[in-house]
Amino acid sequence: MARTVTAPGSAPARAPGRPSPRRPRLAKALPYLLLAPALVAELAVHIIPMLVGAWMSLLHLTQFFIRNWTQAPYGGLTNYRVAVNAHGPVGEDLLHSFLVTVAITAVVVGCSWLFGMTAAVLLERPFPGRAALRTLFLVPYALPVFTAVITWRFMFQRDTGMVNALLSDQLRLAHGHPFWLLGDRSFAAVTAIAIWRMWPFAFLTITAGLQSIPSDLYEAAALDGAGSLRLLGRVTLPLLRPVNRVLLLVLFLWTFNDFNVAYILFDQPPAAADMISIHIYNASFITWNFGLGAAMSVLLLAFLMVVTLGYLGIGRLRSRHA
Amino acid sequence: MRESRTLRWARPVVLGLLALFTVLPLYVMAVSSIKPLKDVQGRFAWLPTHVTFRPFVDMWRTVPLGRYFVNSLVVSLAATVCSVAIAILAGYAVSRYRFAGRGTFMTAVLSTQMFPGILFLLPLFLIFVNVEKYTGLRLYGSRTGLTVTYLTFALPFSIWLIAGYFDTIPRELDEAARVDGAGPLRTLFRVVLPVAAPGVVAVAIYAFMTAWGEVLFASVLTDDATRTLAVGLRGYATQANVYWNQVMAASLVISLPVVVGFLALQRFLVHGLTAGAVKS
């Protein structure tokens, strides 16, 4: 076979995938057969559980029915009513967690994009040490999330951590040794860690986007006398727009859905860092009320879908009018 | 092209700050892992009072780290092998055939990436418990259940990446093999796959990283015997009296293989990952 590979030019011009004359039916079914394992896996772990989850959210599925959940009493929209009732204790906590997550996500996405953009632009032209810096910036992305967050957990310890030693004792930016993993400062702790983990991805994506911008565009603009900042505003940012559009969406979804940082950082997340995923997790497994947890998950998905579709829709409208 | 003076001055400062931010946790992890216990129990210091490698020895005894390691390794390897194999088949179909539902498939697969994990977690737990009840097949608390779950996590990106690599391989190769009488599968395994080997290795690393670092599902779907590193290490760090030097030593040992693997193959991975993100 290797012999024929060396002579690719001799192949007749037949489109691959056109049914071969001998076994037309099999050839037609082949792509679907090749996809079947992937489809089965996705169905089993994603699609079917999602449908089961939607069904669960309509049941009074408490700990008594975990092993025979088909016998759980039907509750209609009761779980949803409990979840969105901002005057009840459950709904109030959920709303608070949602708002905290929105605030954390806004800061994390903004900073991650800004850091990534800055680093990518500053590393665009070659200088000694550039390759080393690029590699270094990728490490947080490659590190397993739990080892990274556990290290941060150690750094944020009140008496033995690096953060208090640096900020209070050495730089004298703060008085005394505050708690970082209790109370309101936990917001800053979670946000800092999320940015640390997330911005390398922004950097990576923007770097790839910059490489696709033809350099003669810069040269033409520079000949016209445009300075660095004007080049950024007039050439780089507009051309990066398609990349940024997707990047911001991905950053948003990853940060908003993130469970790991808050779960590993705290034994029990303080109110100021109660991210929505871990809130639903705790609400489900502490009370074992899976029906209510499923209703909250469905609401979360609905919110994410509305945001995503709205965001993509607005982008499309804008590009049509532009 | 001339650079403004501000930019020339700002570059080292800004990049220096970002590098510092990036490197601080890595430094803390590394330096704390070679500190004696009393160093990590007192005020933080940038250097150890004396260097010791005891934490790397002791960490295996304080908690059953070896068992966690084996569990993580078995589950991650099995999930990697399965997801790469599935992704190769699917990627070949997507790259080499035009069929009804092709676009829908790729979009649907990718959109599962956006769903919050918590959405599948509760139903999956319930399904696992009930499958065992009716068929006797143990999924909840078993490595099998976790493997099946993990293999789907890496699948969407793996399919996109592999299809992308296959696209870069000239179709004349396939056609030449076919003229020679090779069927589609033979063509895939004997002709296309060997050429795509670096890409496949990169995808395998990505799949391994995904499984190796997963926390949420491991925290629910494992029991004492099947606990993975992600959950075990958290338990290690939430005890009343934490041996932080050992925890940092363990973190270092757990991180090193995947970081090295990622950096070694970053060129293949970075290209594919960002292309996947941009295309989506």
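**View 1. Helix 5 and helix 8 of chain A make a left-handed crossing.** The model shown here is predicted. Helix 5 covers residues 130–142 of chain A, and helix 8 covers residues 185–211. Their axes come within 8 Å. They cross at roughly 125°. The two helices are therefore oblique to each other.

**View 2. Side by side: the residues where helix 5 of chain A meets helix 8 of chain A.** Helix 5 brings A:Phe137, A:Leu138, A:Pro140 and A:Tyr141. Helix 8 brings A:Trp196, A:Arg197, A:Pro200, A:Phe201, A:Phe203 and A:Leu204. By class, 9 residues of this contact are nonpolar and 1 is charged. No polar residue takes part.

**View 3. Chain A meets chain B.** How many residues of chain A are in contact with chain B? There are 88, and they touch 94 residues of chain B. Helix 2 of chain A, residues 24–56, gives the most to chain A's side, with 15 residues. That side has 62 nonpolar residues, 20 polar and 6 charged.

**View 4. A:Asn260 sits in helix 11 of chain A.** This helix spans residues 260–265. Is A:Asn260 buried or exposed? A:Asn260 has 26 other C-beta atoms within 10 Å, and 20 or more count as buried, so A:Asn260 is buried.

**View 5. A:Asn260 and A:Ala221, a pair in chain A.** In sequence, they are 39 residues apart. In space, 45 Å separates their C-alpha atoms.

Conventions
Residues are numbered from 1 along each chain as its sequence is written. Chains are lettered from A and ligands numbered from 1 in the order in which they are written. This is a predicted model: local features need pLDDT of at least 70, side-chain atom pairs count only at pLDDT 80 or more; totals for chains, interfaces and linings use all residues. Two residues are in contact if their C-beta atoms, placed from the backbone, lie within 7 Å. Helices (H or I, at least four residues) and strands (E, at least two) are DSSP runs, numbered from the N terminus. Ala, Val, Leu, Ile, Met, Phe, Trp, Tyr, Cys and Pro count as nonpolar, Asp, Glu, Lys and Arg as charged, and the others, Gly among them, as polar. Axes are lines fitted to C-alpha atoms, for helices over the stretch in contact, and angles run from 0 to 180 degrees between N-to-C directions. Angles under 35 degrees count as roughly parallel, over 145 as roughly antiparallel, 65 to 115 as roughly perpendicular and the rest as oblique. A crossing is left-handed if the near helix is turned anticlockwise from the far one by less than a right angle, and right-handed if clockwise. A residue is buried if 20 or more other C-beta atoms lie within 10 Å of its own, exposed if 12 or fewer, and partly exposed in between; C-beta atoms are placed from the backbone.
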